[in-house]
Amino acid sequence: IIGIPIGILGWFAAPYILEFMKVPQDVWGAALIYTRVVFLGTLGNLGYNMNAGILRGLGDSKSPLIFVAVACVINIAGDLILVAGFRMDAAGAAIATVAAQAVSVVFALWMLMKKKLPFKITKADFKVNSHCKRALKIGLPLALQECLTQISFLALCAFVNRLGLDASSGYGVACKIVNFAMLIPSSLMQSMASFAVSYTHLRA
């Protein structure tokens with residue numbers, strides 16, 4: 001329900017987003033294609049994160065690691081085939097990323113169905129029900145927190161892009177380093193969230 005509208009809206013809003021970010025004209029076309037394809041893959045991204053969240057909540061952090069490993073292998077292979085082989089440039093890189101996420105979702109669902117769970121997954125779970133309200137109550141503040149953080153990064157990126165392609169490229173590399181540095185606190189946040197949920201249920 002959330003992923004499909006975001007994907008469609010992102011496809012049409014991509015040029016305006018790039019214009020707001022002052023993307024250099026030299027890379028405008030490649031950035032537009034990449035952004036649109038990645039927006040179309042929003043559903044796969046959401047599916048992976050939801051499945052990974054369920055497993056982490058059950059105390060299983062190894063399975064999401066396997067999903068990521070599989071996605072990374074597929075992504076690298078896709079880049080080699082589509083970008084290096086078929087010369088599809090940014091479009092090939094985006095398709096490889098989205099395809100990797102889609103395969104990881106299927107793999108995650110398969111593992112979730114094979115796993116012995118303390119509850120049963122039925123068709124009713126895929127409909128709007130009372131649990132959706134609880135999930136939104138917890139998820140919306142988290143989403144707003146992430147949204148505000150990312151908006152600040154986008155605003156900074158828009159400022160840097162005004163300085164030219166060299167500055168924009170340097171900022172992109174710096175962002176990757178920052179993301180790598182944030183892995184530890186991000187992992188601790190996810191593990192503590194799972195621990196707190198489990199502890200709350202045990203106390204109840």
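Let's start with asparagine 51, which sits in helix H3, residues 42-57. Before I go on, please keep in mind that this is a predicted model.

So, is asparagine 51 buried or exposed? Its relative accessible area is 7%, and since buried means under 20%, asparagine 51 counts as buried. And what does asparagine 51 touch, once we leave aside neighbours within four places in sequence? The contacts are Val105, Ala108, Leu109 and Leu112.

The largest nonpolar core has nine residues: Ala14, Leu18, Met21, Val23, Ala31, Leu32, Cys157, Val160 and Tyr171. Which elements give two or more residues to this core? They are helix H1 (3-20), helix H2 (28-40) and helix H6 (130-161).

Back in the largest core, take alanine 14 as an example. Leaving out neighbours within four places in sequence, alanine 14 is in contact with Leu32, Thr35 and Arg36. Leu32 is itself a member of the largest core.

Now over to serine 168, in helix H7, residues 165-181. Serine 168 has a relative accessible area of 18%; the cut-off for buried is under 20%, so serine 168 is classed as buried. Not counting residues up to four places away in sequence, serine 168 touches Pro24, Val160 and Asn161. Val160, you'll recall, belongs to the largest core.

A nonpolar patch of about 690 Å² is made by Ile1, Ile2, Ile6, Leu46, Val128, Leu136 and Leu140. One of these, isoleucine 2, lies in the segment before H1.

The C-alpha trace spans about 55 × 35 × 30 Å along its principal axes. Of the 204 residues, 24% are buried. The accessible surface comes to about 14500 Å², and 73% of that belongs to carbon and sulfur atoms. And among contacts between residues at least 6 apart in sequence, 63% join residues at least 24 apart.

Note on methods. Residues numbered from 1 in each chain as written. Predicted model: local features only at pLDDT ≥ 70, side-chain atom pairs only at ≥ 80, totals over all residues. Heavy atoms only, no water. Core = buried A, V, L, I, M, F, W, Y, C linked by side-chain atoms within 4.5 Å. Buried < 20%, exposed > 50% of the residue type's maximum accessible area, 1.4 Å probe, protein only. Helix = DSSP H or I, 4+ residues; strand = E, 2+ residues; numbered from the N terminus. Contact = heavy atoms within 4.5 Å. Patch = residues over 30% accessible without salt bridge, like charges linked within 9 Å, V, L, I, M, F, W, Y side chains within 5 Å. Areas by Shrake-Rupley, 256 points an atom, 1.4 Å probe, with all protein chains shown as cover. Salt bridge = Lys/Arg side-chain N within 4 Å of Asp/Glu carboxyl O.
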